[in-house]
Amino acid sequence: MGKNTNIKNRKTIICIRCGKELKDGFYNSPEGIFCPSCWEEKPQEERERLYNDAIKNIAGFIKGK
Ligand SMILES: [Zn+2]
């Protein structure tokens, strides 16, 4: 009693580009999950496109059924 068991349920989130484990903060784009530095390397144009896709997906999700 009083002993903490290790919680191993936490999923590891990995950047799809550099494979780095993401502990604080990440970008969940329609292409996959990016760490902030990989995300920032992307051209602004592409980020905006992915961002808009994400919004469309969410809108579609809410709208559907
Ligand atoms: Zn990365």
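Trainee: What pattern does the protein follow along the sequence?
Mentor: Reading along, you get β-β-α-α. That's 2 helices and 2 strands, where helices (H or I, at least four residues) and strands (E, at least two) are DSSP runs, numbered from the N terminus. Residues are numbered from 1 along each chain as its sequence is written. Mind that the model is predicted: local features need pLDDT of at least 70, side-chain atom pairs count only at pLDDT 80 or more, and totals for chains, interfaces and linings use all residues.
Trainee: OK, and what's the average pLDDT of the protein?
Mentor: The average is 83, and 77% of the residues score at least 70; pLDDT is the predictor's confidence in each residue, from 0 to 100.
Trainee: Where is confidence lowest and where is it highest?
Mentor: Helix H2 (residues 44–63) is lowest with a mean of 83, while helix H1 (residues 36–41) is highest at 94.
Trainee: Switching topic: where does Leu 22 lie?
Mentor: In the segment before strand S1 (27–29).
Trainee: Why is Leu 22 called partly exposed?
Mentor: Because Leu 22 has 17 other C-beta atoms within 10 Å. A residue is buried with 20 or more there, exposed with 12 or fewer, and partly exposed in between, with C-beta atoms placed from the backbone.
Trainee: Which residues does Leu 22 touch?
Mentor: Leaving out residues up to four places away in sequence, Leu 22 touches Ile 13, Ile 14, Cys 15, Ile 33 and Cys 35. Contact means C-beta atoms, placed from the backbone, within 7 Å.

Methods:
Two residues are in contact if their C-beta atoms, placed from the backbone, lie within 7 Å.
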